[in-house]
Amino acid sequence: SSDLKAWSVAAAARATSAAMVRVIVGKPEDPWCEIDLTEEDVEDWKKGVDITEEKLKEVIQLPPITLENCHEREDGDLQWDEITFEEEVNGKYWHAVIMALHRIREDFVKKQRKMKHLDWYMTMKKTSDKRNAKYYV
């Protein structure tokens, strides 16, 4: 009887940890992306953010950053609008999603700044002194 009880407790634990919760980032009618998270994914506060960030990066479509368009957006101009969970979740889910989105925005800002710097550099190079280089060492 105690073996059966231990087995059913373990099975119940597996069933609850395997339950997927759908997360929608953005407006439900026009979302940035959707991912599924499990209790196991967010169990550990730090690893939960890492796992969630990886899942988001697999599916999220960020605007492209090119030399031509790098000045069209303000740095960090990503509006997630809203975060929707298919069912009631605890703070670990919220923490994982919000921190993962924060990291994604930070990476996006770094890419924007790099591209703007590259644009500045290329412009400076184009407009810089055009003397014959063979006379200078």
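Me: Which residues are exposed on the face of H3 turned away from its buried side?

Reply: This is a predicted model, and in it H3 covers residues 45–59. Exposed here stands for over 50% relative accessible area. The face turned away from the buried side of H3 carries the exposed residues Lys46, Lys47 and Glu58.

Me: Within what arc do the buried residues of H3 fall, seen down its axis?

Reply: The buried residues of H3 are Gly48, Val49, Thr52, Glu53 and Leu56. An α-helix has 3.6 residues a turn, so residues three or four places apart point the same way. The buried residues of H3 line one face of the helix, because seen down the axis they fall within an arc of 130 degrees.

Me: What covers the buried residues of H3?

Reply: H3 lies across E1 and E2, and it runs at about 140 degrees to E2. Two helices also take part in the cover, H2 (39–42) and H4 (91–127).

Me: What distance does H3 reach from its first C-alpha to its last?

Reply: H3 has 15 residues, and at 1.5 Å a residue 21 Å is expected. The span in the model is close to that, at 22 Å.

Me: Which backbone nitrogen does a side-chain oxygen of aspartate 44 reach at the start of H3?

Reply: The oxygen of aspartate 44 comes to within 3.0 Å of that nitrogen. The nitrogen belongs to lysine 46.

Me: In what order do the strands form the open sheet?

Reply: E1 (residues 20–27) and E2 (residues 30–38) run antiparallel and are joined by 8 bridges. E1 and E3 also pair in the antiparallel sense, over 3 bridges. The edge strands, E2 and E3, each pair on one side only. The order is E2-E1-E3.

Me: Which residue in E3 is the bridge partner of valine 23?

Reply: E3 spans residues 83–85, and its pairing with E1 is antiparallel. The partner of valine 23 in E3 is phenylalanine 85.

Me: Is aspartate 77 buried, partly exposed or exposed?

Reply: Aspartate 77 is found in the loop between H3 and E3. Buried would need under 20% relative accessible area and exposed over 50%. Aspartate 77 has 28% relative accessibility, so it counts as partly exposed.

Definitions and conventions
Residues numbered from 1 in each chain as written. Predicted model: local features only at pLDDT ≥ 70, side-chain atom pairs only at ≥ 80, totals over all residues. Heavy atoms only, no water. Helix = DSSP H or I, 4+ residues; strand = E, 2+ residues; numbered from the N terminus. Pairing = 2+ DSSP bridges. Buried < 20%, exposed > 50% of the residue type's maximum accessible area, 1.4 Å probe, protein only. Expected span 1.5 Å × (residues − 1). Arc of directions from axis to C-beta. Contact = heavy atoms within 4.5 Å. Polar contact = N/O pair within 3.5 Å; in protein donor to acceptor, adjacent residues only side chain to side chain. Axes fitted to C-alpha atoms, helices over the stretch in contact; angles between N-to-C directions.
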